[in-house]
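Please keep the sequence and the model in view while reading.

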Amino acid sequence: MITAYHDPGFAAPIGDHVMPMRKFQLVADAIAHRDGVRVEAPAPVAPEDLLRVHTQAYVEAVRTGEPRALAESQKFPWSPVLWPSVLLTNGGALAAAERALADGVAAAVASGFHHSHADHGEGFCTFNGLVVAAEALRARGRVGRVAVVDLDLHYGNGTASLCATRPWLFNCSIYGNDYCENKAYREVEPVRHTDGANHRSFALANGSGRAALLEALERGLAALRDWGRPDLVLYQAGADPYREDPYSPLDLDHEDLRERDRVVFAWARSEGLPLAWVLAGGYTPDVSKVVAVHVGTFDAALSVYG
Ligand SMILES: [Zn+2]
């Protein structure tokens with residue numbers, strides 16, 4: 001049985017936005033009655049969970065809305081309901097990570113927020129749920145080392161920046177779009193970031209299809225193996241690499257992305273590594289195609305763990 005954490009309160013009220021917030025509810029509805037999947041509501045994280053990762057000034061800005069520029073650094077309008085919503089989405093990532101330790105696999109029907117830095121948000125990402133979850137489980141003595149496998153379309157710059165002071169955390173980002181200084185870049189050839197011993201990146205050239213993606217994935221997992229064995233894997237299963245996504249220069253269809261997911265799950269299972277996944281980006285105007293990618297991740301998980 002795969003537990004997926006979702007709460008209607010995940011959807012931050014950011015109005016008409018490129019990020020279709022209703023996709024989370026649509027994914028939850030689509031998987032709710034599927035054999036082998038159980039949807040549960042998570043508890044919200046506490047402010048102290050955020051403060052292990054983010055500065056007091058930034059956390060206070062998101063809670064109170066002031067200073068406004070900092071409260072809106074993730075690039076959508078602040079409102080008083082943002083705070084309870086981000087406590088819940090981060091709670092979803094934490095609940096899934098904790099559940100994965102018991103069950104081997106679990107999911108949060110929320111984003112991982114990989115562009116979020118310690119002292120500000122970027123790219124629609126307020127707090128970095130991946131690192132918040134990892135830190136919370138470390139504080140409880142449940143894990144020591146945690147690896148993030150980030151297969152969102154965009155480079156996971158926030159997680160990479162948080163790796164700098166956390167040798168116990170590994171970030172592998174395989175991406176077809178770059179992201180730097182709160183801007184998305186369509187071309188990945190210019191190097192805008194620096195890899196470190198525990199954060200590695202693998203760029204996919206424009207037009208890359210399944211073979212190039214799986215080859216990069218193999219190199220990414222080999223880099224992770226060189227770093228050492230994690231106690232937990234957090235998998236950022238982005239829907240934005242999909243070929244019809246307005247940001248995607250890649251040539252990946254639903255089958256290709258399901259195969260991507262299957263390879264990640266099969267690797268984690270064969271290595272005996274607990275894995276929790278989150279949904280991440282997806283901007284195809286026909287939201288049913290975004291939902292189909294995320295539901296495909298559940299299909300892939302059920303084919304490996306079911
Ligand atoms: Zn993305």
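## Second largest cavity

The second largest cavity has a volume of about 40 Å³. The model is a predicted one. Lining this cavity are Ala93, Gly129, Leu130, Ala133, Leu234, Ala276 and Val278.

Two elements, helix H6 (129-139) and strand S10 (275-278), each give at least two residues to the lining of the second largest cavity. H6 holds the largest share of that lining, with 3 residues. By class, the lining of the second largest cavity has 6 nonpolar residues, 1 polar and no charged.

## Largest cavity

The search of the whole structure turns up 2 cavities of 30 Å³ or more. The largest cavity has a volume of about 50 Å³. Its lining counts 13 residues, and Leu151, Ile174, Leu204, Leu213 and Pro241 are the ones nearest the centre of the largest cavity.

Strand S5 (169-175) and helix H9 (254-271) are the elements that give two or more residues to the lining of the largest cavity. That lining splits into 10 nonpolar, 1 polar and 2 charged residues.

## Second largest pocket

Next comes an open space. The second largest pocket holds about 160 Å³ of space. It has 13 lining residues, and His117, Tyr155, Asn157, Arg192 and His193 are the closest to its centre.

Helix H7 (157-163) and strand S6 (178-180) each supply at least two residues of the lining of the second largest pocket. H7 gives the largest share, 3 residues. The classes in this lining are 4 nonpolar, 6 polar and 3 charged.

Arginine 192 lies over the face of tyrosine 185, at 3.5 Å from the ring centre.

## Aromatic pairs

How many aromatic pairs does the count come to? The total is 10 aromatic pairs. One of them joins tryptophan 83 and phenylalanine 127: the ring centres are 6.5 Å apart and the planes stand at 85 degrees, so the pair is edge-to-face. This pair links distant parts of the chain, 44 residues apart. Tryptophan 83 is in helix H5 (residues 82-103), and phenylalanine 127 is in the loop between strand S3 (105-108) and H6.

A second pair is made by tryptophan 277 and phenylalanine 298. Their ring centres lie 4.8 Å apart with planes at 65 degrees, so this pair is also edge-to-face. Tryptophan 277 sits in strand S10 and phenylalanine 298 in helix H10 (residues 287-305), so the contact ties together parts that are 21 residues apart in sequence. Tryptophan 277 is buried at 0% relative accessibility. Phenylalanine 298 is likewise buried, with a relative accessible area of 0%. Both belong to a cluster: ring pairs link Tyr235, Phe265, Trp277, Phe298 and Tyr305.

## A charge over tryptophan 227

The charged end of arginine 145 sits over the ring of tryptophan 227. The distance to the ring centre is 4.0 Å.

## Zinc site

Which residues are the protein donors of the zinc ion? They are Asp152 (OD), His154 (ND1) and Asp240 (OD), lying 2.0 to 2.2 Å from the zinc ion. Along the chain, the donors follow the spacing D-x1-H-x85-D.

Aspartate 152 is buried, with a relative accessible area of 3%. Histidine 154 is buried as well, at 5%.

## An exposed loop residue

Alanine 164 lies in the loop between H7 and S5. Its relative accessibility is 61%, so alanine 164 counts as exposed. The cut-off for exposed is over 50%.

Notes: Residues are numbered from 1 along each chain as its sequence is written. This is a predicted model: local features need pLDDT of at least 70, side-chain atom pairs count only at pLDDT 80 or more; totals for chains, interfaces and linings use all residues. Side-chain values use heavy atoms; hydrogens and water are left out. On a 1 Å grid over the protein atoms alone, a cavity is a set of points where a 1.4 Å probe fits but cannot get out, and a pocket is an open set with protein on both sides within 12 Å along at least five of seven lines; lining residues have an atom within 4 Å of a point. Grid points are joined across faces, edges and corners, and a volume is the space filled by probe spheres set on the points. Helices (H or I, at least four residues) and strands (E, at least two) are DSSP runs, numbered from the N terminus. Ala, Val, Leu, Ile, Met, Phe, Trp, Tyr, Cys and Pro count as nonpolar, Asp, Glu, Lys and Arg as charged, and the others, Gly among them, as polar. Rings of Phe, Tyr and Trp (its six-membered ring) pair if their centres lie within 6.5 Å; planes under 30 degrees apart count as stacked, over 60 as edge-to-face and the rest as tilted. Buried means under 20% relative accessible area, exposed over 50%, partly exposed in between (1.4 Å probe, protein chains only). A charge sits over a ring if NZ of Lys or CZ of Arg is within 6 Å of the ring centre and within 35 degrees of the ring normal. Donors are N, O and S atoms within 2.8 Å of the metal (3.2 Å for Na, K and Ca); water is not among the atoms, so sites may look incomplete.
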